[in-house]
Amino acid sequence: MSREHEKGMSLIVKTITRLTVGLILLYGIYIVSHGHVSPGGGFAGGVIIGLSFVHLMLAYGKDVALGKLSKQASSFFENLGAMLFLGIALLGFIGGYFFLNFISKGEPFRLFSAGIIPLCNVAISLKVGAGLFGIFVALVLLKLKSERKR
Amino acid sequence: MNIASNIIPLFVVIPLAGAFLISFFGRSIKRLPDAMGVSVTLILCGLSLLSVRLHNIYGVLTYSVGAWRPPIGIGMVLDGLTSFMLVTVNLVAFCITVYSVNYMEKFTAKWKFYTLFLLMVGGMNGVIITGDMFNFFVFLEIASVASYALVAFGTERHELEAAFKYAIMGTIGSLFILLGIAFLYGYTSTLNMADMGVVLSQKGIDGLIIMVSIMFLMGFGLKAALVPFHAWLPDAHPSAPAPISAMLSGVLIKSLGIYALCRIFYNVIGINPTISSILLFLGTLSMVVGGLLAIGQWDFKRLLAYSSISQIGYIILGIGLGTPLGILGGLFHLFNHSIFKSLLFLNSGAVEYATGTRDLRKMGGLAQKMPLTGTTGFIGSMSIAGIPPLNGFWSKLLIIIAAVQAERYIYASWAVLVSILTLAMYTKVMKYAFLGSLSEGLSRIKEIPIFMKLSMATLAFMCIVMGVLLIPGISDFFLQRASEVILEGTEYAASVLRAIR
Amino acid sequence: MIELYVLLIFMIIGAIIAVEIKDLLSSVVAVGAVGLGLSIVFLILKAPDVAITQLVVEILALIILIRATLKVDLPFSTSGRWFFNTLITVGFIVIFLLAAVKCLKDLPEFGYPIMRVASTYLKEGALKTGATNLVASVILDYRAYDTLGEATILFTAVIGVLAVVRKIGRKKEYEEVEEADE
Amino acid sequence: MMVYLLCIILFCCGLYCVLRKRNIIKIIIGVIILEYAVNLFFILTGYRMEGRAPIFSSEAEILNMVDPLPQALVLTAIVIGLATTALLVAIAIRIYEKYGTFDITEIRELKG
């Protein structure tokens with residue numbers, strides 16, 4: 001591919017992405033936080049958050065997106081999400097069982113209502129979003145390097 | 001649900017926590033991956049020996065995750081077969097981790113290797129302890145995905161192509177298993193193995209269950225490299241790093257393939273004559289085909305891979321007989337095979353580490369320069385060939401006697417023939433690799449580092465000592481318990497439900 | 001339920017196109033169409049969680065696939081041995097289909113599941129776990145152990161891709177490999 | 001019964017593509033179709049005639065709900081499919097980089 005790819009796609013795409021990337025990220029966070037009340041949840045929300053960064057990278061090229069979320073930061077968040085989720089599971093041990101839902105359940109339909117479920121949702125979305133962005137970055141960097149080598 | 005059963009979830013939590021910690025600190029602290037890997041597998045090894053003792057004291061232990069009774073939530077079960085498999089897996093995993101401390105110096109990104117290795121061990125432990133069908137599939141998939149990436153760890157041309165072929169066949173196998181689980185869920189509408197066994201015994205066996213059994217046979221046959229589905233094993237082994245091919249054929253195809261076949265066909269669906277005759281036929285077929293193909297190989301690891309297929313055939317023949325002696329022989333051979341086959345693979349890795357080649361024709365007289373590798377290789381080859389004092393002899397003897405008792409004379413004669421073939425195969429390996437004159441290019445090779453020697457010595461010592469497991473005093477603590485679980489068949493459901501209450 | 005049948009037939013046609021078409025990029029797009037049809041079928045079958053996840057995951061899978069196939073020649077060499085392979089695959093698939101036709105009758109009638117375990121989720125799900133979205137309560141409370149395995153698989157895949165993608169796999173005789181290639 | 005059969009036909013399309021095609025990307029596409037078919041089969045076993053989505057709404061009291069268990073399993077199976085596909089694509093790109101082709105007949109230097 002030509003040099004031009006570094007700077008991302010055409011102007012029209014860039015202006016549209018500048019408008020929509022924030023909305024996509026917000027929508028992903030909404031899906032994650034309301035996972036136990038409305039459809040969606042840790043996985044769908046996490047993938048949407050990951051997709052917003054992928055969207056940014058496709059439109060603006062590699063270096064802008066990596067400026068926002070670098071490779072080290074994405075692997076840090078992924079590990080953090082994984083350990084958070086395992087930590088929540090281990091906290092259940094206090095109450096006697098592995099994945100016990102030990103926090104108070106609160107009354108339904110409220111945001112902070114379902115014990116460990118929202119916390120697990122947040123941990124999973126961190127992990128899924130950062131992990132998938134890490135995969136995409138790894139595949140893109142590999143492709144660019146192979147072009148330059150040939 | 002007494003305090004002792006809290007040990008069961010540790011088998012999955014510790015490797016996963018270790019893997020996450022290694023990938024978190026892996027890059028910064030240089031020696032952490034090795035230390036973490038060895039310590040985690042050591043703890044797991046100790047826990048598995050403890051689980052054998054706990055099972056002897058308390059009988060069948062169950063653990064319900066998240067305080068939900070198993071048919072509702074996910075249950076974990078620790079019975080004779082589980083503790084037997086846990087000891088096999090974690091013992092061999094510990095020796096292989098000690099070995100790979102030195103061997104992996106030749107590879108870059110060591111922390112990624114240890115993360116994937118601990119995830120594979122965690123996946124296998126998860127498969128062994130779980131009592132829930134879908135959870136069984138999820139942990140089977142963890143162990144498989146980790147092993148696909150580990151086979152391609154060297155990123156050379158052949159390794160990538162072999163890893164791709166293994167990944168495609170593994171994914172097809174897993175999807176057949178998932179479709180089988182979907183059929184079973186539609187039919188019994190429950191996922192807990194014990195509960196499913198109860199529903200299946202009430203509903204009886206009809207067309208759907210036969211089809212599900214065939215699909216499971218294909219899926220788990222592919223994971224266990226039985227003959228019609230063995231195509232990936234001979235390519236995956238030569239290209240995988242030595243500790244991984246030792247792990248793959250020593251433990252992975254047993255816990256994902258054979259343990260799964262035993263658990264589902266004996267305990268959940270209940271064995272019927274058609275399934276057991278298919279198993280016997282496939283076992284003998286893989287025994288013979290594996291042996292015949294192995295004789296002609298000149299690549300050390302490819303020969304070991306084909307001989308793995310034929311030894312898996314022995315185990316399936318033993319377990320497929322269904323008689324008490326046959327099952328005892330099959331399980332004992334499973335335990336022995338995972339010890340001496342991983343020893344032989346580590347041996348081939350040591351030879352490759354020192355001489356850089358795997359081709360038997362280029363080697364010669366290594367025993368003079370590498371005494372320990374020579375002796376451990378000799379012990380491993382003799383025990384797989386079935387020379388009396390070593391452990392391989394006893395288990396093969398049991399299988400052949402059981403086959404004769406069950407009036408399966410054709411299968412028994414094939415078993416004897418293939419064991420002679422194996423003896424010839426391994427004398428060829430010994431002659432070309434270790435004995436004979438030292439070829440000129442290899443004069444300056446030196447012995448392998450300390451950790452590799454340590455792990456091979458322990459495995460060789462176990463090869464010699466494990467014959468003792470058959471003595472009646474010791475066997476009913478360990479082997480007898482495991483074969484009782486398979487013998488009792490669908491009473492598994494009753495014993496698990498009794499343990500839950 | 002006529003729209004369910006229409007969509008299923010649309011998906012099968014899309015799958016056949018995806019398999020048979022020569023150009024790689026258009027077969028990736030055909031798979032995208034099958035995935036979209038699947039997401040709509042999930043909506044019809046009253047599974048909104050799964051529809052969202054399927055749609056979003058499919059977008060990401062397509063992006064990754066398109067990145068892999070962007071400028072690729074398709075050297076399509078036909079050699080004799082493949083006729084024998086076709087015979088086996090077609091024969092196996094025909095046997096599989098016939099067995100499926102015979103055996104699917106034993107499944108409970110479509111639309112009337114025997115909800116042996118699921119009825120307790122419906123009855124006491126909201127009370128015991130507090131979440132009104134029962135699927136979320138099943139995922140993260142009743143069967144949270146599955147989701148732990150699930151998160152681990154994604155973690156394994158990320159580390160696996162990073163391991164497969166690195167430039168230098170084996171060190172060449174003690175030369176130091178600098179950090180970037182790890 | 002007919003719906004299950006259509007789903008199994010979709011499964012066979014994917015199986016045909018995986019076993020028959022020689023291009024690596026086509027094989028990966030076959031695996032993706034296989035995963036779609038198995039996920040679809042899971043949700044089909046859980047559907048209930050005139051059932052409602054398993055989410056309580058504060059206004060109306062919903063009586064007959066669809067079976068939530070297969071939906072939870074399919075959420076896991078979808079992300080497993082994504083993980084496997086990502087790994088397969090990564091290996092495919094590396095193979096393309098090394099061999100310069102996606103056709104497995106040229107790649108097949110290995111016996112076995």
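A residue counts as buried if 20 or more other C-beta atoms lie within 10 Å of its own. In this predicted model, buried residues make up 68% of the 501 residues in chain B.

**Chain B: secondary structure and dimensions**

- Chain B contains 21 helices and two strands.
- The radius of gyration of chain B is 21 Å, close to the 23 Å that the globule rule gives for 501 residues, so chain B is as compact as a globular protein of that length.
- The C-alpha trace of chain B spans about 70 × 60 × 45 Å along its principal axes.

**Chain B: contacts within the chain**

- Of the contacts in chain B between residues at least 6 apart in sequence, 80% join residues at least 24 apart.

**Contact between chains D and C**

- Chain D contributes 66 residues to this contact and chain C contributes 75 residues.
- On the side of chain D that touches chain C, at least two residues each come from α1 (2–20), α2 (24–46) and α3 (68–99) of chain D.
- The most is given by α3(D), which supplies 21 residues to the side of chain D that touches chain C.
- Sorted by class, the side of chain D that touches chain C holds 48 nonpolar, 11 polar and seven charged residues.

**Contact between chains A and B**

- Here 12 residues come from chain A and 11 residues from chain B.
- The side of chain A that touches chain B has eight nonpolar and four polar residues, with no charged residues.

Technical notes:
Residues numbered from 1 in each chain as written. Chains lettered and ligands numbered in written order. Predicted model: local features only at pLDDT ≥ 70, side-chain atom pairs only at ≥ 80, totals over all residues. Helix = DSSP H or I, 4+ residues; strand = E, 2+ residues; numbered from the N terminus. Rg over C-alpha atoms; globule rule 2.2 N^0.38 Å. Buried ≥ 20, exposed ≤ 12 C-beta atoms within 10 Å, placed from the backbone. Contact = placed C-beta atoms within 7 Å. Nonpolar A, V, L, I, M, F, W, Y, C, P; charged D, E, K, R; others polar.
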